[in-house]
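Me: Got a structure open here and a few things to ask about it. Can we go through it piece by piece?

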Amino acid sequence: MAELFQTQHEKERVIVVAVDLGDGTDVQASLDELEELSKTAGAEVVGRMIQNREGIHPGTYIGKGKIEELGELVWEKKADTIVCDDELSPAQLGNLQDVLQCKVIDRTVMILDIFAAHASTSEGKLQVELAQLRYRSSRLTGLGSSLSRIGGSAAGSSGGIGTRGPGEKKLEMDRRLIRDRISVLNRQLKSIVVTRDTMRKQRRGNASKVVAIVGYTNAGKSTLLNALTQAQVLEEDKLFATLDPTTRSYEMENGQQVLFTDTVGFINKLPHHLIQAFRSTLEEAKYADMIVHVVDCADENFENHMRVVYDTLEKLGIQDKPVLTVFNKIDKWGDGSIPVCKDAFSEDVVKISAKYQTGFEELLNKIEHILNAGFVRIEKTFPYEEAGKIQLIRKYGNLDTEEYREAGIFVQAAIPAQYVGQIMGKKKEDAAQY
């Protein structure tokens with residue numbers, strides 16, 4: 001049997017496997033991404049295999065002949081682990097491990113493992129553990145013996161891919177104990193959600209606009225946030241380099257305060273359990289005033305990545321926000337032949353290099369335009385008996401200046417056009433369109 005565990009001096013040797021159903025899905029690209037996920041998890045990819053089938057085999061994922069071929073490849077490459085590109089049922093996983101006599105995991109376990117390794121905050125660790133336990137509890141009956149082969153260890157240690165996070169002690173629990181642990185995690189996360197909601201209300205209370213930065217993993221979201229706000233978020237050319245959302249303030253040229261929030265990167269076949277566990281984090285976009293959708297236009301699969309992002313936003317119920325699509329990494333098109341980049345679902349597009357801050361003036365101008373569309377700029381001194389109107393401005397608009405003078409309260413603000421009459425009375429001439 002192949003050695004199942006990494007040592008400090010060896011990387012886990014994996015073979016990636018996929019099934020092509022002939023439905024138009026780019027399986028080669030998906031398998032390329034699975035290779036990148038494997039490398040991000042610390043493994044060495046030593047082989048790959050694709051089987052063309054009309055349907056996934058219900059008992060073994062791939063067919064009998066391909067299993068024999070895969071077994072020979074495992075022996076030839078001295079592989080430790082098989083990674084399948086789709087989520088496996090308990091029966092498929094157990095049957096493959098019995099036949100191949102080596103560890104078998106699926107794409108979901110791989111992604112969960114990477115999240116476990118990269119989670120740095122208490123919230124991130126709770127979310128990852130919850131996702132892992134939900135995944136494993138649904139497979140507990142069919143995976144008892146096979147999961148025990150994987151081993152267990154603390155997050156970040158060298159037990160091998162799929163073992164970081166809860167580890168073996170969780171696998172030894174029965175369903176009741178796992179359910180109890182899930183209940184505890186849910187309660188802890190709910191308290192964090194309450195704190196997050198309070199922070200969101202405070203942001204709305206200070207009249208700052210919120211811009212959520214979303215995109216496929218490794219599209220350059222953290223690089224953009226750092227370039228704009230010197231946020232010092234980790235930047236790495238890896239999938240899921242950062243998990244925890246970061247919010248930083250930025251002052252536009254007109255003096256307007258804008259809060260930029262970086263979010264978890266999206267990926268094809270993002271596990272359902274992960275979406276549920278990270279819902280409060282992913283929903284930062286739901287409470288934003290607009291979305292900046294960062295796209296790596298140097299990736300030949302960028303159009304498919306855009307589709308994945310919009311599909312994920314739809315699952316989260318985020319479909320009513322104005323979107324600015326930012327085609328990033330134009331610096332990689334050294335010959336100047338930047339592709340034609342379009343997005344039918346966005347308000348506008350802009351091409352930039354976050355790394356070299358190319359195109360930032362146009363980017364910021366378009367962000368300002370979208371944020372303030374439909375708003376009217378006002379400047380007026382309100383008599384003290386009309387102080388209640390200041391509360392209306394705070395509630396519906398952006399209050400930039402508030403000075404208490406002898407004649408009344410001097411205000412500079414931006415308010416939605418439909419409230420101009422209510423707030424300004426008959427003196428709409430005091431208002432100037434942004």
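Me: Which loop holds lysine 78?
Reply: Lysine 78 sits in the loop between α2 (64-77) and β3. This is a predicted model, and β3 (residues 81-84) is where its confidence is highest, at a mean of 96.

Me: And what is phi at lysine 78?
Reply: Phi there is near 55°, a positive value in a residue other than glycine.

Me: Is lysine 78 buried or exposed?
Reply: Lysine 78 is exposed, because its relative accessible area is 63% and the cut-off for exposed is over 50%.

Me: What about lysine 329, what's its phi?
Reply: Positive too: lysine 329 has a phi of about 70° although it is not a glycine.

Me: Where is lysine 329, and is it buried or exposed?
Reply: Lysine 329 belongs to the loop between β9 and β10 (348-351). With a relative accessible area of 13%, lysine 329 counts as buried.

Me: Which strand has asparagine 328?
Reply: Asparagine 328 lies in β9, which covers residues 323-328. Asparagine 328 is buried, with 3% relative accessible area.

Me: What does asparagine 328 touch, leaving out neighbours within four places in sequence?
Reply: Its contacts are Ala219 and Gly220, then Val294, Val295, Asp296, Cys297 and Ala298, and finally Ile352, Ser353 and Ala354.

Me: Staying around there, where is serine 346?
Reply: Serine 346 is in the loop between β9 and β10. Serine 346 counts as buried because its relative accessibility is 14%, under the 20% cut-off.

Me: Switching to helices. At what angle do α1 and α4 pack?
Reply: About 35°, with the axes 10 Å apart. α1 spans residues 27-40 and α4 spans residues 107-118.

Me: Is that crossing left-handed or right-handed?
Reply: The crossing of α1 and α4 is left-handed.

Me: Which residues meet there?
Reply: From α1 there are Ser30, Glu33, Leu34, Leu37, Ser38 and Thr40. From α4 there are Arg107, Met110, Ile111, Ile114 and His118. By type, the residues of this contact divide into five nonpolar, four polar and two charged.

Me: Next, α3. Which of its residues are buried?
Reply: In α3 (residues 90-100) the buried residues are Gln92, Leu93, Gly94, Leu96, Gln97 and Leu100. Just after α3 comes glutamine 101, with a positive phi of about 55°.

Me: What is histidine 57 in contact with, near neighbours in sequence aside?
Reply: Beyond four places in sequence, histidine 57 is in contact with Ile62, Gly63 and Gln92. The C-alpha atoms of histidine 57 and glutamine 92 are separated by 8.3 Å, and the two are 35 residues apart along the chain.

Me: Where is histidine 57, and how accessible?
Reply: Histidine 57 is in the loop between β2 and α2. At 27% relative accessibility, histidine 57 counts as partly exposed.

Me: What about asparagine 52?
Reply: Asparagine 52 lies in β2, residues 43-52. Asparagine 52 is exposed, with a relative accessible area of 62%.

Me: Now the overall picture. How many helices and strands?
Reply: The protein has 15 helices and 14 strands. Of its 434 residues, 53% count as buried.

Me: How much surface is there?
Reply: The accessible surface is about 20300 Å², and 47% of it belongs to carbon and sulfur atoms.

Me: What share of the contacts joins residues at least 24 apart?
Reply: 69%, counting contacts between residues at least 6 apart in sequence.

Me: Last topic, confidence. What is the mean pLDDT?
Reply: The mean is 81, and 81% of the residues reach 70 or more. Confidence is lowest in β14 (residues 431-433), at a mean of 46.

Me: Which stretches stay under 50?
Reply: Among them are residues 1-9, where pLDDT is below 50 and the model has 19 contacts beyond near neighbours in sequence. Over residues 427-434 pLDDT also stays under 50, with 21 contacts beyond four places in sequence.

Definitions and conventions: Residues numbered from 1 in each chain as written. Predicted model: local features only at pLDDT ≥ 70, side-chain atom pairs only at ≥ 80, totals over all residues. Heavy atoms only, no water. Helix = DSSP H or I, 4+ residues; strand = E, 2+ residues; numbered from the N terminus. Buried < 20%, exposed > 50% of the residue type's maximum accessible area, 1.4 Å probe, protein only. Contact = heavy atoms within 4.5 Å. Areas by Shrake-Rupley, 256 points an atom, 1.4 Å probe, with all protein chains shown as cover. pLDDT = per-residue confidence, 0-100. Axes fitted to C-alpha atoms, helices over the stretch in contact; angles between N-to-C directions. Left-handed = near helix turned anticlockwise from the far one by under 90°. Nonpolar A, V, L, I, M, F, W, Y, C, P; charged D, E, K, R; others polar.
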